[in-house]
Amino acid sequence: MHSEQVELTGGSNAFAYSMLISLAGKIAARSNPGGGGGGARQKGRGEDVNPTYIHTYLGRGLCDDEEGALPGDPLARYVSHFFEMSVREGCCNVVVCNAVLDAYGRNSHCEEVFKLHQRMRGELGIAENAETFNSLMQTATRAGWYSLVFELRREMESMGIEPSERTVSIMFAAAAKAQQHARGRKGEALGDGGGALSAALQSGVANWAFTVLDSAREGGIEVNNHILSSLFSACASEGKGINRCTKLLFWHMENAGRAAGPNVNVWCSFIK
């Protein structure tokens, strides 16, 4: 299994760097109970990450003076350190970049996420894949940039990159949050490029979500708990679609098997 992972990630060095970066991002996110995030960098996110967790696992004092790192932020220093090492060693690839995007996104370094994406397209010349766009879309959702999620999905489609189950789940989550936002601020513009999102909200989130789901299933996407949970939340945000949600839930219970059946997140979303 390990050898297969190494081969898929482009070699042992790329594999090691991607794992170290992912570990740093997850440790930092778990060590900060205020997780979540919104905006470019939510107040209290970067500097308040407890550095003890990262130092314990990755070594105190590593890359304290790393050029370009965000001051006072251990996550940024560690991620920057390992990423720049991968660039210097010539083993930086899309898997390493995706690990960085995920680490920054988990900890609300939203601007850093999109800076790296531009660097991938420019200096590094690294082509994106589905996971790249998933990380970008997830970051945009966390930041409250809901229109951007739909822009990225259109861009992904224009590049011929097939969506994954995670892509569909993120779109549903973004639509649910956009619906809640729109209810709180009626008449407020959704921002440039919000045409697809505006259309989804105007036609009804539940109708839109099930249309997207049908199209995704025709394209080979398998319904999983992440999709169900985000779809139910999207429908709940509008207060519609209960009959279709119920039918889908029962179908999933009959066809997914005990191990992959509805989890607590699915049930909580359904109850809403």
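Contact here means heavy atoms within 4.5 Å, and by that criterion Trp-208 touches Phe-150, Met-171, Phe-172, Ala-175, Ala-200 and Ser-203, with residues up to four places away in sequence not counted. This is a predicted model, in which local features need pLDDT of at least 70 and side-chain atom pairs count only at pLDDT 80 or more, while totals for chains, interfaces and linings use all residues. Residues are numbered from 1 along each chain as its sequence is written, and side-chain values use heavy atoms, with hydrogens and water left out.

**Aromatic pairs**

- The structure holds five aromatic pairs, a pair being rings of Phe, Tyr and Trp (its six-membered ring) with centres within 6.5 Å, where planes under 30 degrees apart count as stacked, over 60 as edge-to-face and the rest as tilted.
- One of them joins Phe-114 and Trp-145, whose ring centres are 6.0 Å apart and whose planes stand at 50 degrees, so the pair is tilted.
- Because Phe-114 lies in helix α6 (residues 110–121) and Trp-145 in the loop between α7 (130–143) and α8 (146–158), this pair ties together parts that are 31 residues apart in sequence; helices are DSSP runs (H or I, at least four residues), numbered from the N terminus.
- Phe-114 is buried at a relative accessible area of 18%, whereas Trp-145, at 31%, is partly exposed; buried means under 20% relative accessible area, exposed over 50%, and partly exposed in between (1.4 Å probe, protein chains only).
- Phe-150 and Trp-208 form a tilted pair as well, at 5.6 Å centre to centre and 45 degrees between the planes, and it links distant parts of the chain, with Phe-150 in helix α8 and Trp-208 in helix α11 (residues 205–218), 58 residues apart.

**Cluster and core**

- Phe-150, Phe-172 and Trp-208 form one aromatic cluster, within which Phe-150 is buried with a relative accessible area of 5% and Trp-208 is buried with 13%.

**Helix α11**

- The 14 residues of α11 reach 20 Å from the first C-alpha to the last, close to the 20 Å expected at 1.5 Å a residue, the expected span being 1.5 Å times one less than the number of residues.
- Buried residues of α11 include Val-205, Trp-208, Phe-210, Val-212 and Leu-213, and just after the helix Gly-220 takes a positive phi of about 100 degrees.

How values were computed: Helices (H or I, at least four residues) and strands (E, at least two) are DSSP runs, numbered from the N terminus.
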